[in-house]
Amino acid sequence: MLDITEELRDLVEMLNEWQIDYALCGGMAMAVHDRARMTIDIDMLIQSESLERVIALAGELDYNIRGLDMTFANGAVEIRRVSKIDTDAGDLLSLDLLLVTPETRMAWDTRMRLEWEGGMLSVVSRAGLIALKQLRMSGKDLDDIKALQEDEGNASG
């Protein structure tokens, strides 16, 4: 069975080793911002010029199933997906690579570096995460936005 935290640790270690800029976003970033919730994939914000290198790096970790390119919010969100299968358990884990666009630039520019699992982790800021979630506005995104905004209110009050 695939362990999503272990998978993230391996990805982050290689991204840092290969000196590729990234920012964790999505459900796993929620956990970094003290709002842990269930997630079934790893989301990373990257620059488009890093895409080929990140896909090659992911291939080293057996992410070798290339998904269809996805576009949301009238082109504001561009996602490239690579996945891996645990052949023993049949589990599928996807790595969603969100490309930096003009609409996601603020999330990229405000990313933070934190100590995590004995190394360094780049993650979108709380405000950046809210901005990304406002582009999609699914039910889960709306719940996440509310939780993150409550945290902001508590921090400033």
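## Basis

The model is predicted: local features need pLDDT of at least 70, side-chain atom pairs count only at pLDDT 80 or more, and totals for chains, interfaces and linings use all residues. Residues are numbered from 1 along each chain as its sequence is written, and side-chain values use heavy atoms, with hydrogens and water left out.

## Overall fold

The chain has six helices and eight strands. These are DSSP runs, numbered from the N terminus: helices are H or I with at least four residues, strands are E with at least two. From the N terminus on, the order is α-β-α-β-α-β-β-β-β-α-β-β-α-α.

Of the 157 residues in the chain, 45% are buried. Buried means under 20% relative accessible area, exposed over 50%, and partly exposed in between, with a 1.4 Å probe and protein chains only. Contact means heavy atoms within 4.5 Å. Among contacts with a separation of 6 or more, 57% join residues 24 or more positions apart.

## Nonpolar core

In soluble globular proteins, nonpolar side chains tend to be buried together. The largest nonpolar core here holds 42 residues. Such a core is a set of buried Ala, Val, Leu, Ile, Met, Phe, Trp, Tyr and Cys residues joined through side-chain atoms within 4.5 Å. Leu 24, Ile 42, Met 44, Leu 45, Tyr 63, Leu 95 and Val 124 touch the most other members.

Met 44 has contacts beyond four places in sequence that include Leu 8, Val 12, Leu 15, Leu 24, Leu 95 and Leu 97. Leu 97 sits in strand E6. Leu 97 is buried, because its relative accessible area is 0%. Beyond four places in sequence, Leu 97 is in contact with Met 44, Ile 46, Leu 51, Val 54, Ile 55, Glu 78, Ile 79 and Arg 80. Leu 97 and Ile 42 are 55 residues apart in sequence, yet 8.5 Å apart in space, C-alpha to C-alpha.

## Helices H1 and H3

Helix H1 (residues 4-17) packs with helix H3 (residues 51-60) at an angle of about 130°, their axes 10 Å apart. Axes are lines fitted to C-alpha atoms, for helices over the stretch in contact, and angles run from 0 to 180 degrees between N-to-C directions. H1 is therefore oblique to H3. Angles under 35 degrees count as roughly parallel, over 145 as roughly antiparallel, 65 to 115 as roughly perpendicular and the rest as oblique.

H1 contributes Leu 11, Met 14 and Leu 15 to the contact, and H3 contributes Val 54, Leu 57 and Glu 60.

## Loop residues

Thr 104 lies in the loop between strand E6 (91-99) and helix H4 (105-109). Thr 104 counts as buried because its relative accessibility is 2%. A polar atom of the Thr 104 side chain lies 2.7 Å from the backbone nitrogen of Thr 101. Beyond four places in sequence, Thr 104 touches Leu 45, Ala 76, Leu 99, Leu 132 and Leu 135.

Leu 68, in the loop between E3 and E4, is exposed at 74% relative accessible area. Leu 68 and Arg 80 are twelve residues apart in sequence and 7.1 Å apart in space, C-alpha to C-alpha.

## Positive phi

Asp 62 is not a glycine, but its phi is positive, about 75°. Asp 62 is in the loop between H3 and strand E3 (65-66). At 47% relative accessibility, Asp 62 is partly exposed.

Asn 74 also has a positive phi, near 55°. Asn 74 is in the loop between strand E4 (70-72) and strand E5 (77-86), and is exposed at 87% relative accessible area.

Note on methods. Polar contact = N/O pair within 3.5 Å; in protein donor to acceptor, adjacent residues only side chain to side chain.
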